[in-house]
Amino acid sequence: MQITAIMLCDDGMYFDGLKTINSLKYFHPEINIVKYGTAEIKALKDKYKFDDSLWFSDSCLLDDFISKNEFPDILIKIGADCIVLDTLDEVLNGNYDVACPRNDPDQIEGRDEKHNRPDILRELPNRNWVNADFIAIKNIDFIHAYHSQNMRYQNGVEWALKDFGKVYKGDSMSSLNVVFHCNGFNAKILDPFGSDLIYGGSGNWGKDGNSWSSWQDIYFDGTKSIMPDGGRGTGVRTVKCLHQGGGYKSDKLNFGLFNTEFRKHLEKITGFSN
């Protein structure tokens, strides 16, 4: 099976993406990893005309890659602010056209996010809104549909705005969710509500402006990385991948977010001590 993971990471940002790359290679040395650095990102911006915010970049990255390379059995788009903490069995062995993690933690299930949804998904429960920083794809048609939708939003094509409604600034997410939920693909949520898995932001929870204070609770039990319930009502969950979402910060994935004991495990996985 041929599996390729692709990512965007400006030179010097997020430890040059090496925490993400090394962690993925630790569990899956068989996966080929392609990083688009600063020069490649500039070429993408010139080719697809998206702005420096990178909000429209996800589908462009995928489209550019398949225009230059043979489509693998599984193509994974992973964010440079992610750390892989286990084997990605659900990705490698799952039956799907496209698979993504949830965007939101269980604790905000009841929060009103309608203002952040395109009209066609206005009533979508928070538990079903997926994140664009981990996208596993087995069907190349999904990329074509996703990129087409994303570019229509970016360019303000009238029918797209009329049919799907206004969207907020993070268009890659809106476009992803529209195609994920509305285009008839076999779409799978990797860590569905109520499951014992974390594949992205569903384990992020905190207070006082820190959305990742829950990471202090993660421990390694000798076999798996575990997020305890911690009184959150989620049950004990196995952490497959963590995503430090929320903006463009140079100090993302600083290991000060984790407890001292778990940092030893992270150093083994990533080769970084802090």
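**Helix packing, strands and cores**

Modeller: Helix α2 (residues 38-48) and helix α3 (residues 57-68) have axes that come within 11 Å and cross at roughly 95°. The model is a predicted one, in which local features need pLDDT of at least 70, side-chain atom pairs count only at pLDDT 80 or more, and totals for chains, interfaces and linings use all residues. Residues are numbered from 1 along each chain as its sequence is written, and side-chain values use heavy atoms, with hydrogens and water left out.

Colleague: How are the axes of α2 and α3 arranged relative to each other, roughly parallel or roughly perpendicular?

Modeller: Two packed helices are described by the angle between their axes and the distance between the axes. Axes are lines fitted to C-alpha atoms, for helices over the stretch in contact, and angles run from 0 to 180 degrees between N-to-C directions. Angles under 35 degrees count as roughly parallel, over 145 as roughly antiparallel, 65 to 115 as roughly perpendicular and the rest as oblique. α2 and α3 are therefore roughly perpendicular. Leu44, Lys47 and Tyr48 of α2 make the contact with Cys60, Leu61, Asp63, Asp64 and Ser67 of α3 (contact means heavy atoms within 4.5 Å). Four of these residues are nonpolar, one is polar and three are charged (Ala, Val, Leu, Ile, Met, Phe, Trp, Tyr, Cys and Pro count as nonpolar, Asp, Glu, Lys and Arg as charged, and the others, Gly among them, as polar).

Colleague: Which residues cover the two faces of strand β6?

Modeller: In a regular strand the side chains alternate between the two faces of the sheet. Helices (H or I, at least four residues) and strands (E, at least two) are DSSP runs, numbered from the N terminus. In β6 (residues 134-137), Phe134 and Ala136 lie on one side, Ile135 and Ile137 on the other, and all are buried. Two strands pair if DSSP finds at least two bridges between them. Strand β3 (residues 74-78) runs antiparallel to β6 and is joined to it by four bridges; Lys77 has Ile135 as its bridge partner. Strand β5 (residues 98-100) is also antiparallel to β6, through two bridges, with Val98 opposite Ile137.

Colleague: Which residues touch the most other members of the largest nonpolar core?

Modeller: A nonpolar core is a set of buried Ala, Val, Leu, Ile, Met, Phe, Trp, Tyr and Cys residues joined through side-chain atoms within 4.5 Å. The largest has 44 residues, of which Ile76, Val91, Phe134 and Phe258 touch the most other members. Apart from it lies another core of 37 residues, including Leu124 and Trp129.

Colleague: How many residues separate Ile269 and Leu24 in sequence?

Modeller: Ile269 and Leu24 are 245 residues apart in sequence, yet 8.6 Å apart in space, C-alpha to C-alpha. Ile269 belongs to helix α8 (residues 260-270) and is buried, at 3% relative accessible area. Leaving aside neighbours within four places in sequence, the contacts of Ile269 include Asn22, Tyr26 and Val84.

Note on methods. Buried means under 20% relative accessible area, exposed over 50%, partly exposed in between (1.4 Å probe, protein chains only).
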